[in-house]
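Open the model in your viewer and switch to a cartoon view. The tour below goes from a pocket to a sheet, with a selection at each stop.

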Amino acid sequence: MDIIESHIALPAAARTRARIYQYDEYDREFLRERVGEFRAQVERRLAGALTEDEFKPLRLMNGLYLQLHAYMLRCAVPYGVLSSRQLRQLAHIARTYDRGFGHFTTRQNLQFNWIKLEQAPDVLATLAEADLHSIQTSGNCIRNVTTDEFAGAAADEVVDPRVYAEILRQWSTLHPEFSYLPRKFKIAITGAPNDRAAIQVHDIGLVARRGPSGETGFEVWAGGGLGRVPLIGTKLRDWLDEPDFLSYMEAILRVYNALGGRENIHKARVKILLRDVGAARFIEMVEQEFATLPRGKFRLEPEVIAAIRAHFAPPPFETLPHAEATLARQVAADAAFADWVAHNTHPHQRPGYISAVISLKPIGGIPGDATAEQMDAVADLADRYSFDEIRVTHVQNLVLPHVRQDELFDLWRALDALGLATPNIGTVTDIIACPGLDYCSLANARAIPVAQMLSERFADLQRQYEIGPISINISGCINACGHHHVGAIGILGVDKKGEEYYQITLGGSAGNDAAIGEIVGPSVPYEGVVGVVETLIRTYLARREPGETFLAAYRRLGMAPFKEALHAAA
């Protein structure tokens, strides 16, 4: 929150040693007031003083959805960063107000699917106790800013994007002009050359970079998105100076807010505006708006950046001259541990440290789900092994970002005891799936059971590793919460005369080589999905060249051999 005229506040000096952003009393008082306001609205709804139509925009402003069976509360996890204290609070909510679990989403948020309306204000109050909330997790506003799950830790990182994600959070929260946009608006930012934040399929995508003299600047994309009309974004600028960061964001949002089509919700996204007016004209309008903005009001001053950056100061890393050798010996001595290290870790920028990915995709499990007990246990492990910090990934897993390499074996054993050491990150069973028709009132078909069946079909680890890196993404409807458009294999649930069918796409990617998948053929019934994926995988294995991934093979071979294989198997 901390909103002043420029929408950015200088943090108090007493908080500058924190590793994640810390709220102050101003923030906490705001959350308490918001909870009180919503409590009064819920009481009026329960008393019949508000109709559902009158109550709906009020609950959506607080992240409360009415789903198929109950209310769902979406809790914001800004840029995917949680403290162990916050994760324990989420576990407490799952245990007290839900059915003992939560669902981590592709927006790096957490959803509770079984909230009672009369208890919703108590849940918000409990969130606020841990500096958490659900503001702007719904509605036509700027949603939770997402970023690289390894931000501040990745060996390939150039600029820590969390600093600018927090600046965007403060600027966008309750922004007086952008709280009622034509449609929802999503921003992603990365600070590494390898895009792990899917910036090209967001309304605004940002790459933080260094200039020739070490100065920070940004590559700016806009007009990407999935859903009914999937589009890869357009690059607006190769370089934006750091002081102009917010001014340019303001300019893009002002153009969209003024010209985005509000008469049809299916055509109200910025991607449609950019497509309809053309890239050149859209860029011209943004640049014109940018040129008219008062620089003093929106200029991002160095002291503001420094104060925000101080919140993300590195933890007290140690010098660990023998940690790498210790890890190497343990990997050589234990094949199961070696598999987990090979697939579930990421190189760290500090010698002797590593980032560990906790798979929330056990064989036959529900992608992204975690029980209250697992959340509590992960919080304990974060305290013990990762400076009390946890990350939520946009592919529905968790990360302990700062683990000593000589303690990784002990962490792995602890995770294994909890059922959280599945060594499958990036494999065929690391499936993204939305809640689908099991929960969502918008869905046409189930997504969770399809993910479970595929996971069980490809359960054999050695087969997973033989197949190699591949993404399978499943959405229960065209809104694409499962990001099916950018899966190497995408699966979209559709309704055919009341029956669940699935449209299959091939060739999608959310990385540097972002691409929208192409439809492979007619939709298939629920019971046929696993067989279709099996045929596609076998075709790839039979036709690939040495070292070639599924996506690379598809791009070389084209659609024809996959279509032929499916036709022959029909």
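A pocket, as the word is used here, is an open set of grid points where a 1.4 Å probe fits, with protein on both sides within 12 Å along at least five of seven lines. The model is predicted.

**Stop 1**

Select Val395, Gly426, Pro469, Ile470 and Ser471. Of the 40 residues lining the second largest pocket, these are the closest to its centre. The volume of this pocket is about 1100 Å³. Next, colour α12 (335-344), β11 (345-347), α16 (461-467) and α18 (550-557), the elements that each give two or more residues to the lining. How many residues of the lining are nonpolar, polar and charged? The lining divides into 17 nonpolar, 18 polar and five charged residues.

**Stop 2: the sheet**

Now show the open sheet of five strands, which has the order β1-β2-β5-β4-β13 and antiparallel pairing. At its edges are β1 (64-66) and β13 (369-371), each of which pairs on one side only. From one strand to the next, the twist averages 30 degrees.

Zoom in on β2 (residues 71-75) and β5 (residues 110-115). These strands run antiparallel and are joined by four bridges. Select Leu73 to find Phe112 of β5 opposite.

**Stop 3: helices on the sheet**

Finish with α13 (residues 372-385), lying across β4 (101-104), β5 and β13. Helix α13 runs at about 85 degrees to β13.

Methods. Residues numbered from 1 in each chain as written. Predicted model: local features only at pLDDT ≥ 70, side-chain atom pairs only at ≥ 80, totals over all residues. Heavy atoms only, no water. Pairing = 2+ DSSP bridges. Axes fitted to C-alpha atoms, helices over the stretch in contact; angles between N-to-C directions. Contact = heavy atoms within 4.5 Å. 1 Å grid on protein atoms, 1.4 Å probe; cavity = no way out; pocket = protein on both sides within 12 Å on 5 of 7 lines; lining within 4 Å. Points joined across faces, edges and corners; volume = space filled by probe spheres on them. Nonpolar A, V, L, I, M, F, W, Y, C, P; charged D, E, K, R; others polar.
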